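My entries follow in the order in which I checked them.

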Amino acid sequence: IELRVHTTLTALEGTDHLERVRWRAHVPGIAAERPIRHVFIMTGAVPSTGWLEGCLAMDEKGFIRTGPGLGPEDLAAAKWPLARDPHLLETSLPGVFAVGDVRGGSIKRVASAVGEGSITVSFVHQVLAE
């Protein structure tokens, strides 16, 4: 197993299965190609949430705090207006939910993100009924 950080995949090639991978390392900017049959890609390790700064409560790494991950100080800073606590995947803004890798404390797996998205539908219905 080789761990390639700060690398962008530029091509996955093969006929009936993965045969080759091409990538470019960000530093020093060198491209490479290798015969390979398996790739595990870890995305979402660094959230792209800077645009939400000041809108939603986030942890020190930029992941969005939701549900029980929101502390009293988060809710006070956000001026949480409701008598109820936030739902499991609800952010510090009522009716706004976060799921998947962007959420603080998430498992960082596709299957988990899909499951979180699915259960959020019921929370959205609850919010709309309020």
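I took buried to mean under 20% relative accessible area, exposed over 50%, and partly exposed in between, with a 1.4 Å probe and protein chains only. The model is predicted, so I kept local features at pLDDT of at least 70 and side-chain atom pairs at pLDDT 80 or more, while totals for chains, interfaces and linings use all residues. Residues are numbered from 1 along each chain as its sequence is written, and side-chain values use heavy atoms, with hydrogens and water left out.

Entry 1, Asp 74.
I looked up Asp 74 and found it in helix H1, residues 72-77. Helices here are DSSP runs of H or I with at least four residues, strands are runs of E with at least two, and both are numbered from the N terminus. Is Asp 74 buried or exposed? Asp 74 is buried because its relative accessible area is 12%. I then listed its contacts (heavy atoms within 4.5 Å). Leaving aside neighbours within four places in sequence, Asp 74 is in contact with Ala 57, Arg 65 and Gly 69. With Arg 65, Asp 74 also forms a salt bridge, at 3.7 Å from N to O. I counted a salt bridge where a side-chain nitrogen of Lys or Arg is within 4 Å of a carboxyl oxygen of Asp or Glu. Arg 65 is partly exposed, at 22%.

How many salt bridges does the structure hold? I noted 12 salt bridges. One of them joins Glu 130 to Arg 84, with the closest N and O atoms 2.4 Å apart. This pair links distant parts of the chain, 46 residues apart: Glu 130 is in the segment after H2 and Arg 84 in the loop between H1 and H2. Glu 130 is exposed, with a relative accessible area of 54%.
Glu 13 and Arg 22 form another, with their closest N and O atoms 2.3 Å apart. Arg 22 counts as partly exposed because its relative accessibility is 35%. I found Glu 13, Glu 19, Arg 20, Arg 22 and Glu 33 linked in a network of salt bridges.

I checked how S1 meets strand S2 (residues 20-25): the two run antiparallel and are joined by six bridges. Strands pair if DSSP finds at least two bridges between them. The hairpin from S1 to S2 passes through six residues. Ala 11 has Arg 22 in S2 as its bridge partner.
Leu 9 is in strand S1 and is partly exposed, at 36%. Not counting residues up to four places away in sequence, Leu 9 touches Val 21, Arg 22, Trp 23, Val 39 and Ile 41. Leu 12 is also placed in strand S1, residues 7-13, and is exposed at 52%.

I paired rings of Phe, Tyr and Trp (its six-membered ring) if their centres lie within 6.5 Å; planes under 30 degrees apart count as stacked, over 60 as edge-to-face and the rest as tilted. The structure holds one aromatic pair. Phe 97 and Phe 123 form it, stacked, 6.3 Å centre to centre with 10° between the planes. Phe 97 lies in the loop between H1 and helix H2 (110-129) and Phe 123 in helix H2, so the pair ties together parts that are 26 residues apart in sequence. Phe 97 is buried at 18%, and Phe 123 is buried at 14%.
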